[in-house]
Amino acid sequence: MPKLTEIRWHARAGQGAVTAAKVVAETALQAGQYMQAMPEYGPERMGAPIKAFTRISDEPIEIHNNIEFPDVVIVLDESLLDVVDVTEGIKDGGVVIINTCSPAKAVKEALGLDDSVRVACVDASGIALDTIKRDIPNTPIVGAFTKVTGVVDVEVFKGLLAKNLSKKFGQEMIDANFTAVDRAYKEVTVA
Amino acid sequence: MVDQKTLAATGNSLVAEAIRQCNPDVIPAYPITPQTTVVEELAKFVAQGRMHAEYINVESEHSAMSASVGASAAGARVATATSSQGLALMWEELHIAAGMRLPIVMFNANRALSAPINIHCDHSDIMGARDTGWIIMFAETAQEAYDNTIMAFRIAEHPDVLLPVLTTADGFITTHSIDRAEVMDDETVAKFVGEYVPTYALLDTDNPTSHGNFAGLAGPYFEFKKQERTAIDASKPVIKQVGEEFSELTGRPFDLVETWGMEDADIAIVVIGSTAGNARHVARDLRTKGVKAGVVKVRVFRPFPAEELRTALKGVKAVAVLDRSESFGAEGGPLFLEVRSALYDLETRVPLVNYIYGLGGSDVRLELMEQVFSDLSDIASGATAPFGLTYLGTR
C-alpha cells in the first residue's frame with residue numbers, strides 16, 4: 001500500500017482550521033505529492049466545534065470519506081479536549097498536536113493515550129498574540145506540525161504562506177507569520 | 001498530449017473554470033448550497049471581464065431554466081448550475097429544454113432532497129431528472145468534474161445530438177474538497193470545444209422558425225418524442241468519440257463505464273460518483289489477500305450504457321449495485337433497476353444484490369465497502385443472496 005498520511009483537525013469555527021487544512025495540502029502539492037483537504041460541513045457558527053481533514057500521499061488518493069483513523073490529530077483549541085473525543089481512532093504510532101500552555105507529559109497522561117502515540121504541545125495562541133497580534137493559532141501550529149511529523153517541509157510551507165499573505169498584506173505581516181512559524185517549530189515539546 | 005497546469009482546487013472551482021473556458025454567451029443562475037461557489041465564481045469572472053457572458057440574476061431556479069431555454073432557443077451557448085431543491089424546481093423546464101432540443105449545459109452538485117432538510121450528498125436530486133431527456137454524466141473526482149464539463153459542451157452541441165447535458169459531482173465530497181487536478185489553457189479548451197453555430201436560432205431572422213409549438217391530438221407530438229429517443233441513442237457513439245479525443249488531448253481515460261479489475265473478477269461492485277474510489281481502494285486491498293474483487297463505475301447514466309455493463313459483468317459470480325438514492329416502492333434503487341434490466345439479456349444469470357447507502361451525506365466508511373465485498377464473497381461461494389434491498393450503514 002502507498003504511504004498515506006491522514007490528518008484530522010479539531011477546532012472552533014473561526015480559528016482557521018479549514019484554511020490550515022488547505023494550506024498544508026497545498027504545501028504537499030508544491031512538493032509534488034497528492035493531497036486532499038476538506039472541511040466537515042455542518043451548521044457554521046463562530047465558536048462551534050468543527051472538524052477538517054487533510055490527506056497526503058505519494059500516490060493518487062482514491063478515498064472520499066471522513067478520516068476515522070488519523071495518523072495525526074491537530075487540536076487548535078484545548079477547551080475541546082473536554083467536549084470532543086479528539087483522539088478517537090488515532091493509529092498506533094500516531095501523534096496528537098495541541099495548542100496549549102500545558103506540558104506535553106501532563107496532557108498525554110490526562111488523555112490516557114497508548115504509549116506509542118506521541119503528544120506534542122505548543123502555545124500556538126500565545127505565539128500568535130506575540131507575533132501576529134491576534135489569536136489565530138493556525139499558522140504557528142502548522143510550524144509545529146512540520147517539525148513533529150516531517151510530512152511537509154517547513155520552508156516550502158513558509159514560501160506558500162508568503163505567497164498567500166502577499167495578496168492582502170505587506171512584508172511586516174509576512175515577517176510576523178514567519179516568526180510565529182519559527183517559534184512554534186522551536187518551542188513545541190513532545191512526550 | 002497538451003501541457004497542463006497542476007493545481008489544488010475544489011470541484012466547484014474547477015467546474016466554474018471549465019465553464020469559463022468553454023465561453024458560454026449566457027449564464028442564468030440562482031445560488032443553492034452546495035452549488036453556490038460555482039455561480040459565485042462565474043459572476044466574478046464576468047465582473048472581472050475574464051469571460052464575456054451575459055450573467056442573469058434570476059429569482060428562482062424555475063426562472064434560471066426558463067431563461068436558459070429562452071437564451072438557447074435564441075441561439076446562445078448557455079450554461080447554468082444548480083442542486084437539490086433547485087433542480088427539483090426546474091422540473092418542468094428540464095423536459096422543455098430536452099423537447100426543444102436545446103444544447104444547454106448544466107452542472108448539478110448532487111444533494112439530498114427534503115424532507116427532512118439536508119444539504120449533503122446523495123443522488124436523489126439527479127436521479128429525479130433521469131427521465132427528462134437530458135444526458136447525465138457523473139464525476140468521481142474534481143478532475144472528472146472539470147473534464148466532464150468541457151466534454152458536455154461538445155456532446156450537447158453535436159449535430160447528431162442537440163440535447164441538454166447535466167454534468168454532476170457529489171455535493172461537498174467532490175464540490176468542496178480540495179483535490180489535485182490538471183487544467184488545460186484557455187486556447188486548448190476553446191479549440192477542443194469549438195465555436196457554437198446554432199441550427200435554428202430564433203434570432204436568425206433571415207430564416208424564421210418557431211419553437212415549442214402546440215402539437216396536440218393530430219399534431220406531431222408522438223413523432224417529436226421518437227426523435228428525442230433517436231437523438232439520445234445517437235449520443236452514445238458521440239460521447240465515446242468526444243471522450244477518445246479528450247483522452248488523446250489530456251492523457252486521462254474516459255469511458256461511459258470505467259472498470260477496475262474486471263478482467264478476472266469473481267465479485268464486483270457497480271457504483272456511481274465519489275464512492276467508486278472507496279470501493280476501488282478496498283478492492284485493491286482485497287486483491288493483495290487473493291480475493292478477485294472488481295469495481296464498475298458508471299460515468300454516463302443517460303444514455304444508459306447497458307451493453308458496456310453486460311460486457312463488464314458477464315460471468316461474474318456475484319454483483320452488488322450501490323444506489324445513493326431511493327426509488328421508493330420499486331424493487332431497488334434507480335441504478336439497480338437499470339443494471340438488472342441490462343443483465344436480463346445475458347444467457348447466464350448474474351447474481352445481483354442492491355444496497356442503498358450514503359443518503360443525506362452519511363459517510364461512506366471503508367468498512368461498509370468491506371462489508372459489501374464480504375457479502376458478495378459469501379454469495380459467490382453459494383450463500384443465498386438476501387431478498388430485496390439492503391440499507392447499508394444505517395444506525
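Colleague: How many residues does helix α3 of chain B have?
Modeller: This is a predicted model, and the helix is the run 61-74 of chain B. From the first C-alpha to the last, α3(B) reaches 20 Å, close to the 20 Å expected at 1.5 Å a residue. The number of residues is 14.

Colleague: Which residue has a side-chain oxygen reaching the backbone nitrogen of B:His62?
Modeller: Look at the start of α3(B). The oxygen comes to within 3.2 Å of that nitrogen. It belongs to B:Ser60.

Colleague: What is the bridge partner of B:Ile136 in β12(B)?
Modeller: Strands β6(B) and β12(B) run antiparallel. They are joined by 2 bridges. The partner of B:Ile136 is B:Arg302.

Colleague: Which are the edge strands in the sheet of 6 strands in chain B?
Modeller: The order is β9-β11-β10-β13-β14-β15, an open sheet with mixed pairing. Each edge strand pairs on one side only. They are β9 (257-260) and β15 (389-391).

Colleague: Which residue in β11(B) stands opposite B:Thr259?
Modeller: β9(B) pairs with β11 (residues 293-298) of chain B in the antiparallel sense. There are 4 bridges between them. Opposite B:Thr259 stands B:Val296.

Colleague: What angle does helix α11 of chain B make with β11(B)?
Modeller: Helix α11 covers residues 306-313 and packs on the sheet. It touches β9, β10, β11 and β13 of chain B. Helix α10(B) lies across β9, β10 (267-271), β11 and β13 (318-323), running at about 165° to β11(B). For α11(B), the angle is about 175°.

Colleague: How many salt bridges are there over all chains?
Modeller: One of them joins B:Glu367 and B:Arg365 at 3.3 Å, N to O. B:Glu367 is partly exposed at 42% relative accessible area, and B:Arg365 is partly exposed at 23%. The search of the whole structure gives 38.

Colleague: Is A:Glu6 buried or exposed?
Modeller: Its side chain meets that of A:Lys91 in a salt bridge of 4.0 Å, N to O. The pair links distant parts of the chain, with A:Lys91 in the loop between β4 and β5 and A:Glu6 in strand β1, 85 residues apart. A:Lys91 is partly exposed at 30%. At 9% relative accessibility, A:Glu6 is buried.

Colleague: How many residues apart are B:Glu140 and B:Arg280?
Modeller: Their side chains meet in a salt bridge of 2.7 Å, N to O. B:Glu140 sits in the loop between β6 and α7, and B:Arg280 in helix α10 of chain B. Both residues are buried. Their separation is 140 residues.

Colleague: Which side chain makes a polar contact with the side chain of A:Arg12?
Modeller: A:Arg12 is in strand β1 of chain A. A polar atom of its side chain lies 3.0 Å from the backbone oxygen of A:Gly47. Its contacts beyond four places in sequence include A:Ala48, A:Pro49 and A:Asp77. The side-chain partner, at 3.0 Å, is A:Ser79.

Key:
Residues are numbered from 1 along each chain as its sequence is written. Chains are lettered from A and ligands numbered from 1 in the order in which they are written. This is a predicted model: local features need pLDDT of at least 70, side-chain atom pairs count only at pLDDT 80 or more; totals for chains, interfaces and linings use all residues. Side-chain values use heavy atoms; hydrogens and water are left out. Buried means under 20% relative accessible area, exposed over 50%, partly exposed in between (1.4 Å probe, protein chains only). Two strands pair if DSSP finds at least two bridges between them. A polar contact is a pair of N or O atoms within 3.5 Å; within protein, one must be able to donate a hydrogen and the other to accept it, and residues adjacent in sequence count only if both atoms are side-chain atoms. Contact means heavy atoms within 4.5 Å. Axes are lines fitted to C-alpha atoms, for helices over the stretch in contact, and angles run from 0 to 180 degrees between N-to-C directions. The expected span of a helix is 1.5 Å times one less than its number of residues.
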